[in-house]
There are 2 protein chains.
Amino acid sequence: MNGLTVTEAAARSGWSARMLRYLDEHGLVVPRRSEGGYRLYGLAELNRLAGLRDLRTRFGIDPAHLAFARRLRREPDLRGAVDAWLAAADDSSSWIEWEQRKHERLLAA
Amino acid sequence: MNGLTVTEAAARSGWSARMLRYLDEHGLVVPRRSEGGYRLYGLAELNRLAGLRDLRTRFGIDPAHLAFARRLRREPDLRGAVDAWLAAADDSSSWIEWEQRKHERLLAA
DNA sequence: AGAACCCTCACACATGTCTGCTAAGGTTCG
DNA sequence: CGAACCTTAGCAGACATGTGTGAGGGTTCT
């Protein structure tokens, strides 16, 4: 079959076989398949799994976060909207903000 | 007091007063306070709330996602690590990947 | 002062994510 | 063929997030 089966990959990566299937389902680490449908993990996949572990232990990132980060990469509209929102949030002293403050006085219920 | 109270802001923004408090707690939309501690929403906050609604209806983004996107902006280490991981994932045809494939043959259980 | 509103705290429940385990059945390889 | 492993599907439980509701008590404005 040429490649590690799910349990072997689990042993080497430190994840459970269950999680490997979960990560596959969610498109985070997708191994190729044998004729009969067995998952076959190669070096690339093992590296990705190790990377995932690292992200989790160092930053507390779970799969769901990664999936979202991937959306940010792949959907420019999303990325733009999110970035704009956050930028407006952070620069509480931007000129736009300042302009707005001017109007707040006119808003007194 | 000069500004909208939580219920007024809720009415104009389409969120519930409960959610406005929740968003405040989580630092997503933080209004200033009156002497007595009342939340006071101005134009800037109303805009942020509208933006949030928009993000949700258009992209299905909840507050938790925004909080994570904010982390990505503010923590360069995290951003770098995540980006690297995703990049390795997407370019399944990069030369690094290609190099790795060479070794996979040597890995046959 | 008093009506109407706000505050925080807390309980509660729905939904989603992660993870393990089991069941029924197919694959691999000696 | 048969042992050992794999597949998908589903239940289950732990934890986080989102949202409503109520209690007890303070604030605002007339």
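## A first tour of this predicted model

Me: In chain A, what percentage of the contacts with a separation of 6 or more comes from residues 24 or more positions apart?
Reply: This is a predicted model, where local features need pLDDT of at least 70, side-chain atom pairs count only at pLDDT 80 or more, and totals for chains, interfaces and linings use all residues. Residues are numbered from 1 along each chain as its sequence is written, while chains are lettered from A and ligands numbered from 1 in the order in which they are written. Two residues are in contact if their C-beta atoms, placed from the backbone, lie within 7 Å. Among chain A contacts with a separation of 6 or more, the share from residues 24 or more positions apart is 46%.

Me: Which pattern does chain A follow along the sequence?
Reply: Helices (H or I, at least four residues) and strands (E, at least two) are DSSP runs, numbered from the N terminus. Chain A has 6 helices and 2 strands. Read in sequence order, they give α-α-β-β-α-α-α-α.

Me: How many degrees separate the axes of α1 and α2 of chain A where they cross?
Reply: Axes are lines fitted to C-alpha atoms, for helices over the stretch in contact, and angles run from 0 to 180 degrees between N-to-C directions. Angles under 35 degrees count as roughly parallel, over 145 as roughly antiparallel, 65 to 115 as roughly perpendicular and the rest as oblique. The two helices are therefore roughly perpendicular to each other. Helix α1(A), residues 6–13, and helix α2(A), residues 17–25, have axes that come within 8 Å and cross at roughly 105 degrees.

Me: Which residues in α2(A) meet α1(A)?
Reply: The residues of this contact divide into 5 nonpolar, 1 polar and 1 charged. Here Ala, Val, Leu, Ile, Met, Phe, Trp, Tyr, Cys and Pro count as nonpolar, Asp, Glu, Lys and Arg as charged, and the others, Gly among them, as polar. From α1(A) come Val6(A), Thr7(A), Ala9(A) and Ala10(A), and on the α2(A) side they meet Ala17(A), Leu20(A) and Arg21(A).

Me: What is the crossing of α5(A) with α3(B), left-handed or right-handed?
Reply: The axes of α5(A), residues 76–90, and α3(B), residues 43–59, come within 11 Å and cross at roughly 160 degrees. That makes the pair roughly antiparallel. A crossing is left-handed if the near helix is turned anticlockwise from the far one by less than a right angle, and right-handed if clockwise. For α5(A) passing α3(B), the crossing is left-handed.

Me: How many C-beta neighbours does Tyr38(A) have inside 10 Å?
Reply: Tyr38(A) sits in the loop between β1 (32–33) and β2 (39–40) of chain A. A residue is buried if 20 or more other C-beta atoms lie within 10 Å of its own, exposed if 12 or fewer, and partly exposed in between, with C-beta atoms placed from the backbone. Tyr38(A) counts as partly exposed because its number of C-beta neighbours inside 10 Å is 13.
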